[in-house]
Amino acid sequence: MPAPLPALAVLLCTFVIASDLYSRRVPNVCLLAALLLGTCWMGMSWVRGDAGPPWPALFGLLLGLAVFLPMYAFGWMGAGDVKLFATLGFLLGAKALLPIWIIGSLLAGMHAMAILMSRYWLRQATTAGDGTPTWWTTSPLGRRIASARQGRQGLPYAAYLAIGALMTAFVPALLYWPKP
């Protein structure tokens, strides 16, 4: 059975992936709920003597903020990305932040390359040559996604960070799975 904090991180990451891909948003209520639940569990475990002090988790939170906050200040990423990274640092520890960042950045880089390489196709898919909308922008799904995004553009970096967190949490466990 997984420990509560990584399990909470998996639940948070699953929701963030869906939300960021669909609407390019990371809801604050989800991040706050994960932090509060994690803090409560960590505090109760510490008081009972089942776990050590919460300082490493707080260090992960502060490190996550310190690393990504300057990028937000320069306008290179959204606030949700910063808050998610800090929350993952709290739930999974500071040691998990580097692999999460590397995996998330590689995925976002591949996404950016795919967009750059397919700009012509995307232009053809969203507007006809004369600027009239095509099947994607007039379809119910296309309209629904455009409405949910409210004009927000950019890469779903929080989703890629969440995928990186899932891979960081599960791949080592799979590599060292006991053999029968």
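**Ground rules.** I worked from a predicted model in which local features need pLDDT of at least 70 and side-chain atom pairs count only at pLDDT 80 or more, while totals for chains, interfaces and linings use all residues. I numbered residues from 1 along each chain as its sequence is written, and side-chain values use heavy atoms, with hydrogens and water left out.

**Fold.** I looked up the secondary structure and found nine helices and zero strands in the protein chain. I took helices (H or I, at least four residues) and strands (E, at least two) as DSSP runs, numbered from the N terminus. The order along the sequence reads α-α-α-α-α-α-α-α-α.

**Contacts.** I then took contacts (heavy atoms within 4.5 Å). Of those between residues at least 6 apart in sequence, 70% join residues at least 24 apart.

**Surface.** I noted an accessible surface of about 11,200 Å² for the protein chain, with 74% of it on carbon and sulfur atoms. The areas come from the Shrake-Rupley method with a 1.4 Å probe. I counted 33% of the 180 residues as buried, where buried means under 20% relative accessible area, exposed over 50%, and partly exposed in between.

**Aromatic rings.** I searched the whole structure and got four aromatic pairs. One of them is Trp46 with Trp55, edge-to-face because the ring centres are 5.7 Å apart and the planes stand at 75°. Rings of Phe, Tyr and Trp (its six-membered ring) pair if their centres lie within 6.5 Å; planes under 30 degrees apart count as stacked, over 60 as edge-to-face and the rest as tilted. I checked accessibility too: Trp46 is partly exposed at 39%, and Trp55 is exposed at 51%. I also logged one aromatic cluster formed by Phe68, Phe85 and Tyr157.

Methods: Buried means under 20% relative accessible area, exposed over 50%, partly exposed in between (1.4 Å probe, protein chains only).
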